[in-house]
Amino acid sequence: MNAVKVEEKLFQNRYRVDAGHPHITIKNPDTCRVQCKTQECTVCCPAGCYTAEGNGQVVLITDGCLECGTCRIICSEHRNVEWEYPRGGYGILFKFG
Amino acid sequence: MAEKFDAIIVGAGPAGNAAAYTLAKAGLKVLQLERGESPGTKNVQGAILYSDALEKIIPDFREDAPLERHLIEQRMWVLSDDSHIGTHYRSDDFNKEPYNRYTIIRAQFDKWFSSKVRQAGALVICETTVLDLVKDDDCVVGVRTDREGGFIYADVVILADGVNSLLAKKAGFHLEIDPKDVALAVKEIHFLPQETIESRFNISGDEGVVIEMVGKITQGMVGTGFLYTNKESLTIGVGCMLSDFKQQKISPYALLEQMKEHPSIKPLLANSEMKEYTAHLIPEGGYNAMPKIYGAGWMIVGDAGMFVNAVHREGSNLAMTTGRIAAETVIELAAQNKPMTAANLALYRKSLDETFVMKDMKKYKKMPEILHKNPHFFTAYPELLNRAAHTMLKVDGVDKKSKEKEIRQSFVGKRSLFGLLGDAFKLWRAFE
């Protein structure tokens, strides 16, 4: 079961990526690295956008984002996620929804 | 760009479309802004359409709306790791027109609904994200978009921007959502030949089946799973409270993958082709988590206002109803030449109180708390019920009285007699 690859699921989706303009950013990377012991975003993001690096750092790549809002709300102790919707017309484009 | 509208609606989901349609039909000057490439491309739902709420807006919707299957059968499954026990309710009455519930595919449905909004005379602009509300003193007077010179003004702004409700939060109308007040649902759509779906679910023509599931599939979290039949596809998904995901650190896609492997579910999906994977938050905090839904120059409708009846899996009908009633409020005030002040817009809340929307929200207001405090409803009971069925059905030379005793002991052993009575009482109180 651990072998589930979210990339294979996301591959089925349609996106118009706004290259160079990520709509979500980590406000302060040190907060993730030093203060956050749990880093739920790295497990609970349904698109696997957040990766826990070995050194405690969290890396965010928003290309596969499903725009659900999980990461922003789940970061309730540190509020370290700057979360906006993508520019109009960009991001996930659901075929079926 | 100093053009002014009677109303601006942010978002083109069921709530926004209901509001825009109702306002435009009444002859008001309406602008609807949608961030997606076209209406529906940002929207996710199971999805079941409840006819009643839409009939009140577009009575003849069945003539051209893209509907998948009308539902004639509802299954409720309680799952253990390798079995399920449950009920089926199938009625020929649900097979008589006008049909009560349909499965829909939201991207198609929302596009259709939006075409009705345009026909009614509203200006619908897509690919436009609203960044902020524009205020004059404390009154909302318009919006700022991500387009060049993107200020647009209106007498009233209706916020139908969905569960995340960013605009109202940025404007300081409410705080950030608590993880305990939203469920995270993930879902896939699987394609199969129409004949295969009909034979697997014992249906024909446009008949459809819904399966709602609780139990081990949510791995101890408070939540449910579902499987809906569309014409040539199945949607399968699972949703649990975000606070539980957070606490237990469970991966949502691994959860869905494991659910699909359940021996009761796997054969239904066999040989299907998965064509989209989606995720969505559902505002399930209930009445006690509702934000303020109106103020000077603004109203909130649909998911943004926490309008979901989680117990009955209803949301889109609450969205359409709140959208319609917000619009009717504006129409009534405009007809009397009254300004869109907070005091006047209080009529929105007052009118809602008279509908099923607020009555149901109030009825189940204790439910979220009860479920959060009693996760064993989703773990111990499914296990016990399945084991009881297994014990009674397995013919193995043990007499029935001994089997009954074994079952009784398993319940008392797991929950104690007081626990069982307490659970029954809590549930009765919650549904009362």
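**A first look at the two chains**

1. B:Asn202 sits in the loop between helix 5 (194–201) and strand 12 (207–215) of chain B. Helices (H or I, at least four residues) and strands (E, at least two) are DSSP runs, numbered from the N terminus. Although B:Asn202 is not a glycine, its phi is positive, at about 60 degrees. B:Asn202 is also exposed, because its relative accessibility is 55%; here exposed means over 50% relative accessible area, buried under 20%, and partly exposed in between (1.4 Å probe, protein chains only).

2. A word on how to read the model: it is predicted, so local features need pLDDT of at least 70 and side-chain atom pairs count only at pLDDT 80 or more, while totals for chains, interfaces and linings use all residues. Residues are numbered from 1 along each chain as its sequence is written, chains are lettered from A and ligands numbered from 1 in the order in which they are written, and side-chain values use heavy atoms, leaving out hydrogens and water.

3. Chain A has a positive phi to look at too. A:Gln39, again a residue other than glycine, has a phi near 45 degrees. Its place is the loop between helix 2 (29–35) and helix 3 (41–44) of chain A. Is A:Gln39 buried or exposed? A:Gln39 is buried, because its relative accessible area is 13%. As background, most residues other than glycine have a negative phi, and most peptide bonds are trans.

4. Two peptide bonds of chain B deserve a look as well. The bond from B:Glu97 to B:Pro98 is cis, with omega near -5 degrees, and B:Pro98 belongs to the loop between strand 5 (84–90) and strand 6 (101–103). The bond from B:Gly46 to B:Ala47 is also cis, with omega near 20 degrees; B:Ala47 lies in the loop between strand 2 (30–33) and strand 3 (48–50).

5. Now to where the chains meet. Contact (heavy atoms within 4.5 Å) takes in 53 residues from chain B and 43 residues from chain A. Together the chains bury about 4,000 Å², 57% of it on carbon and sulfur atoms. B:Lys246, B:Tyr253 and B:Tyr277 supply 17% of the area that chain B buries against chain A, more than any other three residues. Buried area is the accessible area (1.4 Å probe) lost when two parts are put together, summed over both.

6. How many salt bridges are there between chain B and chain A? The count is 11, where a salt bridge is a side-chain nitrogen of Lys or Arg within 4 Å of a carboxyl oxygen of Asp or Glu. One of the salt bridges joins the side chains of B:Arg35 and A:Glu67, at 2.7 Å from N to O. Among the parts of chain B that each supply at least two residues to the side touching chain A are helix 3 (106–119), helix 6 (242–248) and strand 15 (273–283). Strand 15 gives the most to that side, with eight residues.

7. B:Glu188 lies in strand 11 of chain B and is buried, because its relative accessibility is 1%. Beyond its neighbours within four places in sequence, B:Glu188 is in contact with residues including A:Lys9, B:Leu256 and B:Tyr277. The side chain of B:Glu188 makes a polar contact with the side chain of B:His190 (2.7 Å) and another with that of B:Lys260 (2.7 Å). A polar contact is a pair of N or O atoms within 3.5 Å; within protein, one must be able to donate a hydrogen and the other to accept it, and residues adjacent in sequence count only if both atoms are side-chain atoms.
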